Amino acid sequence: MAHPEASEQSAELRQAFLKHLPKRLDTLVRRGRRLLVGGWDINTLIRLYQELQTLAGACGRWGILDAGELLFGIERLLSGPIEQVQLPDQETTRTFGKLLNALAELVARSGAPSLSTHAGLGAVGERHDLAAARYPNSVSPPPRYWQRWRDAP
C-alpha cells in the first residue's frame with residue numbers, strides 16, 4: 001500500500017509538470033521550427049533530441065499519452081540521424097515539420113498562447129532547402145590543421 005505522503009507528493013509533482021508542460025512544449029516547437037527555417041545544426045539537434053527524450057519519458061510517466069506519443073514519434077524520427085551523427089535528409093525534414101505542426105496544434109488546444117499558427121509555416125521545407133543551398137551547414141577544418149603549431153616556439 002502506498003504511503004499517503006508519497007501519493008500526495010506524486011500528485012503535486014504531476015500538477016507541477018502539467019502546469020509547465022505547455023511552455024516546455026512551446027519552447028521545443030520554436031526550437032524545432034528554427035532548425036527547419038534556418039537549417040540544421042548538429043549541436044542544436046542533439047540538444048533538441050535530449051529534450052524530446054526527457055519530455056516523452058515524463059509524459060509517459062504521468063499518463064499524458066497524446067503529447068507523449070507525438071514526442072516519442074519525433075524522437076524515433078530523429079534517432080537515426082543522431083546515432084549516425086549526421087543531419088536529417090529532406091524526407092526526415094518534411095516529416096519533422098509535420099510532427100512539429102501536430103505538436104503545436106496540440107499545445108495550442110491546451111491553451112499555450114504563443115503557439116498560434118505562424119505565417120508561412122506551410123512552406124518550411126522549401127525555406128530549408130533554399131537556406132541549405134545558400135549556406136553550408138557546417139565548416140570542416142583544413143586537413144592536418146593542428147600541425148601548423150607543431151614547430152611553434
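In the predicted model, the largest share of the lining of the largest cavity, 3 residues, is supplied by H2. The residues that line this cavity are Arg31, Thr44, Arg47 and Leu48. By class, the lining of the largest cavity consists of 1 nonpolar, 1 polar and 2 charged residues. The volume of the largest cavity is about 30 Å³, and the structure holds 1 cavity of 30 Å³ or more.

Several residues of the cavity lining, among them Arg31, Thr44 and Leu48, also take part in the contact between H1 and H2. Two packed helices are described by the angle between their axes and the distance between the axes. Helix H1 covers residues 4-38 and helix H2 covers residues 42-62; their axes lie 10 Å apart, at an angle of about 150°. Helix H1 is therefore roughly antiparallel to H2, and the crossing of the two helices is left-handed. On the H1 side, the contact is made by Ser10, Leu13, Arg14, Phe17, Leu21, Arg24, Leu25, Leu28, Arg31, Gly32 and Leu35. The residues they meet in H2 are Thr44, Leu45, Leu48, Glu51, Leu52, Thr54, Leu55, Ala58, Cys59 and Trp62. The contact of H1 with H2 comprises 13 nonpolar, 4 polar and 4 charged residues.

Helix H1 also packs against H4, at an angle of about 150° and with the axes 10 Å apart. This angle makes H1 roughly antiparallel to H4. The crossing of H1 and H4 is left-handed. From H1, the residues in this contact are Pro22, Leu25, Leu28, Val29, Gly32, Arg33 and Leu36. Their partners in H4 are Thr93, Phe96, Gly97, Leu100, Asn101, Leu103, Ala104, Val107 and Ser110. The residues of the contact of H1 with H4 are 10 nonpolar, 5 polar and 1 charged. Leu25, Leu28 and Gly32 of H1 meet residues of H4, and these three residues of H1 also meet residues of H2.

Helix H2 has a further contact, with H3. The axes of H2 and H3 come within 9 Å and cross at roughly 145°, and the crossing is left-handed. In H2, the contact involves Leu45, Ile46, Leu48, Tyr49, Leu52, Gln53, Leu55, Ala56 and Cys59. The contact of H2 with H3 contains 14 nonpolar, 3 polar and 1 charged residues.

H1, helix H3 (65-84) and helix H4 (90-110) each supply at least two residues of its lining. The lining residues are Leu18, Leu21, Pro22, Leu25, Ile64, Asp66, Ala67, Leu106, Val107, Arg109 and Ser110. They divide into 8 nonpolar, 1 polar and 2 charged. Some of the residues lining the pocket, including Pro22, Leu25, Val107 and Ser110, are also found in the contact of H1 with H4.

Conventions:
Residues are numbered from 1 along each chain as its sequence is written. This is a predicted model: local features need pLDDT of at least 70, side-chain atom pairs count only at pLDDT 80 or more; totals for chains, interfaces and linings use all residues. Side-chain values use heavy atoms; hydrogens and water are left out. Axes are lines fitted to C-alpha atoms, for helices over the stretch in contact, and angles run from 0 to 180 degrees between N-to-C directions. Helices (H or I, at least four residues) and strands (E, at least two) are DSSP runs, numbered from the N terminus. Angles under 35 degrees count as roughly parallel, over 145 as roughly antiparallel, 65 to 115 as roughly perpendicular and the rest as oblique. A crossing is left-handed if the near helix is turned anticlockwise from the far one by less than a right angle, and right-handed if clockwise. Contact means heavy atoms within 4.5 Å. Ala, Val, Leu, Ile, Met, Phe, Trp, Tyr, Cys and Pro count as nonpolar, Asp, Glu, Lys and Arg as charged, and the others, Gly among them, as polar. On a 1 Å grid over the protein atoms alone, a cavity is a set of points where a 1.4 Å probe fits but cannot get out, and a pocket is an open set with protein on both sides within 12 Å along at least five of seven lines; lining residues have an atom within 4 Å of a point. Grid points are joined across faces, edges and corners, and a volume is the space filled by probe spheres set on the points.
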